[in-house]
Amino acid sequence: MRYKAISDVGNVRSMNEDFWGAEILGSGKGAVGIFAIADGMGGHNKGEVASRIAVEKVMQHLKGRIESAKRDIDSIVVENLIESYERSNDIIIKEAQRSEEFRGIGTTLTMAVITGGKMYVANVGDSRCYLFSEEKLHRVTNDNSLVQELLLKGLITEEEARRHPQRNVITRAVGLEEPLKVDVYERDVVKGDHVLLTTDGLTNMIAHDEMQEVILNFENIDQSCEELLSRAKDSGGDDNISLIHILI
């Protein structure tokens, strides 16, 4: 398992409020990959505080549980994914209560844990996880957003969703509500599959088919990350752009 991560402020924003984390525990068939990406929001440009706390805390919690595990890793991951999100949620809420400066901060958070032939994904907000398998790019997560609700009702198309004036309105975020609802997904994976975690700074700029084309044509994950970033910026780059590309 290998990965490449990249994060860029984009063409318009003055500050990067995205944050990512990645770590591979162990090696060979016993390796466990833990990956998380977040897109912060909040007044006074403090969204970067929420995204950093969310990623660092979920990574720390799951890593500790996995390293101390004396039984099946899959069970440990399933049992602790939501708990790790709830802990991050509590910490961000307390941070916001501590100071007026941090009032209203929150973040999207998308996490993938890859172990053996399984991938476990947790999601809140509109950052995304994709799985590229058998030369097809499949979207794993559903956005918690107003635009996603319009899509599910058949009121707009995917292309309209990418340019919708309310595409940044999310219906769920870490740090803004208790109790926190977390969507969890499970997928089978095999050697040679690709996993992509992204913030909406990428997915609002590049269509699904174009992302698939890049992964097909750039087998080197370093090159694919640079190409996706370049295309997002060429298409406008009106938000921070972050992605983690994992090759299993």
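Biologist: How many residues has α1, and what span does α1 reach from its first C-alpha to its last?

Modeller: In this predicted model, helices (H or I, at least four residues) and strands (E, at least two) are DSSP runs numbered from the N terminus. The expected span of a helix is 1.5 Å times one less than its number of residues, and for α1 that gives 30 Å. With 21 residues, α1 comes close to this expectation and reaches 30 Å.

Biologist: On what basis are residues numbered, and which pLDDT do local features need?

Modeller: Residues are numbered from 1 along each chain as its sequence is written, and side-chain values use heavy atoms, with hydrogens and water left out. Totals for chains, interfaces and linings use all residues, side-chain atom pairs count only at pLDDT 80 or more, and local features need pLDDT of at least 70.

Biologist: What covers the buried residues of α1?

Modeller: Buried means under 20% relative accessible area, exposed over 50% and partly exposed in between (1.4 Å probe, protein chains only). The buried residues of α1 include Val49, Ile53, Val58 and Leu62. Contact means heavy atoms within 4.5 Å, and the elements covering these buried residues include β2 (18-25), β3, α2, β4 and β5.

Biologist: Where is the kink in α2 centred?

Modeller: Helix α2 (residues 73-98) has 26 residues and reaches 36 Å, close to the 38 Å expected. The bend at a residue is the angle between axes fitted to the seven residues ending there and the seven starting there. The kink in α2 is about 35 degrees and is centred on Asn80.

Biologist: Why is the pair of Tyr3 and Phe35 classed as it is?

Modeller: Rings of Phe, Tyr and Trp (its six-membered ring) pair if their centres lie within 6.5 Å; planes under 30 degrees apart count as stacked, over 60 as edge-to-face and the rest as tilted. The structure holds 1 aromatic pair. The ring centres of Tyr3 and Phe35 are 5.6 Å apart and their planes stand at 70 degrees, so the pair is edge-to-face.

Biologist: Is Phe35 buried or exposed?

Modeller: Tyr3 in strand β1 (residues 2-8) and Phe35 in strand β3 are 32 residues apart. Tyr3 has 32% relative accessibility and counts as partly exposed. Phe35 has 0%, so Phe35 counts as buried.

Biologist: Which side chain does that of Asn144 join in a polar contact of 3.0 Å?

Modeller: A polar contact is a pair of N or O atoms within 3.5 Å; within protein, one must be able to donate a hydrogen and the other to accept it, and residues adjacent in sequence count only if both atoms are side-chain atoms. Asn144 lies in the loop between β8 (136-139) and α3 (146-152), and its side chain reaches the backbone nitrogen of Gly125 at 2.8 Å. The contact of 3.0 Å joins Asn144 to the side chain of Asp183.

Biologist: What is the omega of the peptide bond from Glu178 to Pro179?

Modeller: Pro179 is in the loop between α4 (158-163) and β9. The bond from Glu178 to Pro179 is cis, with omega near -5 degrees.
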